[in-house]
Amino acid sequence: MAEIISNKNRKSNPRIDFTPMVDLGFLLITFFIMTSRLSEPMSIDLQMPKEGGTQTKIPHHTAMTIYLGAAHQLYYYTALDAMNSDFSKLKTSNFLSSGIRTALLEHSSNVKAAFKNGLKGSTDHDLPFILIKASKNSQYADLVNLLDELAISNIRDYAIVDLELSEEAELEKRASISL
């Protein structure tokens with residue numbers, strides 16, 4: 001606070017006490033340092049394969065292929081249908097709570113149940129593996145939303161793969177039918 005110290009013999013010279021201002025400055029600095037350390041950016045770690053690496057073999061019952069189409073539409077199939085690219089078994093979904101999350105959780109439970117049911121080639125340690133294929137009409141936000149759904153569903157094994165020409169043609173055909 002400002003204090004005025006007066007001496008009867010001299011002119012009064014005002015003396016300003018900066019101690020509270022320094023305390024406030026240190027409190028503000030401490031506050032900004034603490035909040036900046038606590039707010040780290042959110043990001044998703046993507047591991048990209050080496051160029052020319054070997055292909056990963058996926059057991060047929062763990063595979064699920066998800067296509068990102070136009071207008072926030074998702075198309076998917078699982079198991080042998082996914083391994084054989086059987087477009088007649090392709091199912092349509094969206095990002096609603098009853099959409100792709102339900103399909104992911106169902107696929108995950110089917111993979112776990114395969115060993116219990118005695119499916120040939122299945123093991124107790126099998127985990128669902130998702131192949132993500134984005135069409136040229138899909139949006140980047142859809143990919144981010146799908147990766148969020150995978151994290152929510154606790155599915156950690158996935159790959160982002162390029163579309164083949166036949167798959168692109170099928171997605172364009174389905175997009176023209178739904179419009």
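This is a predicted model: local features need pLDDT of at least 70, side-chain atom pairs count only at pLDDT 80 or more; totals for chains, interfaces and linings use all residues.
Residues are numbered from 1 along each chain as its sequence is written, and side-chain values use heavy atoms, with hydrogens and water left out.

**Histidine 61**

- Histidine 61 sits in the loop between helix H1 (19–38) and E3, where helices (H or I, at least four residues) and strands (E, at least two) are DSSP runs numbered from the N terminus.
- Its relative accessibility of 8% makes histidine 61 buried, a term that means under 20% relative accessible area, with exposed meaning over 50% and partly exposed in between (1.4 Å probe, protein chains only).
- When neighbours within four places in sequence are left aside, histidine 61 is in contact with Ala79, His107, Val111, Ala114, Leu119, Gly121, Ser122 and Asp126, contact being heavy atoms within 4.5 Å.

**Helix H3**

- The 17 residues of helix H3 (residues 100–116) should span 24 Å at 1.5 Å a residue, and the end C-alpha atoms are 25 Å apart, which agrees; the expected span is 1.5 Å times one less than the number of residues.
- The buried residues in H3 are Ile100, Ala103, Leu104, His107, Ser108, Val111 and Ala114.
- Seen down the axis of H3, these buried residues fall within an arc of 135 degrees, so they line one face of the helix; the arc is that of the directions from the helix axis to the C-beta atoms.
- Among the elements that cover the buried residues of H3 are strand E3 (63–68), strand E6 (129–134) and helix H4 (140–152).
- Threonine 102, which lies in helix H3, counts as partly exposed at 38% relative accessibility.
- Just after H3, glycine 118 has a positive phi of about 80 degrees.

**Nonpolar cores**

- A nonpolar core is a set of buried Ala, Val, Leu, Ile, Met, Phe, Trp, Tyr and Cys residues joined through side-chain atoms within 4.5 Å.
- The largest such core has 15 residues, of which Met64, Ile66, Ile100, Leu104, Ile130, Ile132 and Leu150 touch the most other members.
- E3, E4, H3, E6 and H4 each supply at least two residues of this core, and H4 gives the most, with 4 residues.
- A second, separate core of 11 residues includes Ala63, Ala82, Leu90 and Leu131.

**Aromatic pairs**

- There are 3 aromatic pairs, counted where rings of Phe, Tyr and Trp (its six-membered ring) have centres within 6.5 Å, with planes under 30 degrees apart called stacked, over 60 edge-to-face and the rest tilted.
- Phenylalanine 31 and phenylalanine 32 form an edge-to-face pair, at 5.3 Å centre to centre and 65 degrees between the planes; phenylalanine 31 is partly exposed at 48% relative accessibility, whereas phenylalanine 32 is exposed at 52%.
- The rings of tyrosine 77 and phenylalanine 87 have centres 6.5 Å apart and planes at 40 degrees, so this pair is tilted.
- Tyrosine 77 and phenylalanine 87 are both buried, and ring pairs link Tyr67, Tyr77 and Phe87 into a cluster.
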